[in-house]
Amino acid sequence: MTPRELPQSKNPRVPQSPGPFHHYMPLQIRFTDIDMLGHLNNSIYVNFFDMGKTAYFSTILGGPLDWDTIALVIVNINCSFYTPSYFDSQLEVYTKTVAIGEKSVTMEQRIIDTRTGETHASCTTTLAGFDIKNRCGMPVNDEWRRMISEFENQTF
């Protein structure tokens with residue numbers, strides 16, 4: 001994918017972009033995603049962010065995720081909503097790793113309207129290293145750290 005730099009939003013509440021995004025994908029809004037007010041239900045944004053993370057890791061790992069060997073679990077999600085999305089909105093989710101610590105990974109995501117370039121929502125997610133077999137925390141897998149660093153063209 002060609003890295004994309006997001007323009008500064010016209011909305012002053014939208015934080016500055018954390019740099020170029022190397023992963024993005026189109027989103028499809030379904031009729032059932034729309035709430036009684038006629039806009040995208042806020043719970044659907046979290047689903048979209050999860051789809052973005054899954055596609056991001058599939059891209060980095062070079063294929064479908066093996067759920068028996070996933071070495072990260074979500075421990076915190078913070079979403080901010082800036083402007084409503086509607087059934088006819090053309091949306092993409094942008095996903096980027098912004099930090100990797102000894103035992104955690106922090107990701108930044110944006111849902112962007114492709115017609116206007118405006119950020120409709122943003123999400124910061126913290127994932128922690130996890131040993132599935134022993135069901136306990138562990139350091140971030142060195143191989144994952146290497147692959148994410150290569151993909152993001154950044155040393156963590």
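User: How many aromatic pairs does the structure hold?
Analyst: There are six aromatic pairs, where rings of Phe, Tyr and Trp (its six-membered ring) pair if their centres lie within 6.5 Å, planes under 30 degrees apart being stacked, over 60 edge-to-face and the rest tilted. One of them joins Phe21 and Tyr94, edge-to-face, at 5.6 Å centre to centre and 90° between the planes. This is a predicted model, in which local features need pLDDT of at least 70 and side-chain atom pairs pLDDT 80 or more, while totals for chains, interfaces and linings use all residues. Residues are numbered from 1 along each chain as its sequence is written, and side-chain values use heavy atoms, without hydrogens and water.

User: Which parts does the pair of Phe21 and Tyr94 tie together?
Analyst: Phe21 is in the segment before β1 (23–26) and Tyr94 is in strand β3 (residues 91–100), so the pair ties together parts 73 residues apart in sequence. Strands (E, at least two residues) and helices (H or I, at least four) are DSSP runs, numbered from the N terminus.

User: Is Phe21 buried or exposed?
Analyst: Phe21 is buried, at 0% relative accessibility; buried means under 20% relative accessible area, exposed over 50% and partly exposed in between, with a 1.4 Å probe and protein chains only. Tyr94 is buried as well, at 5%.

User: Which residues form a cluster?
Analyst: Tyr56, Phe57, Trp144 and Phe151 are linked into a cluster by ring pairs. Tyr56 and Phe57 are among the buried residues of α1.

User: What happens just after α1?
Analyst: Gly62 takes a positive phi of about 80° there.
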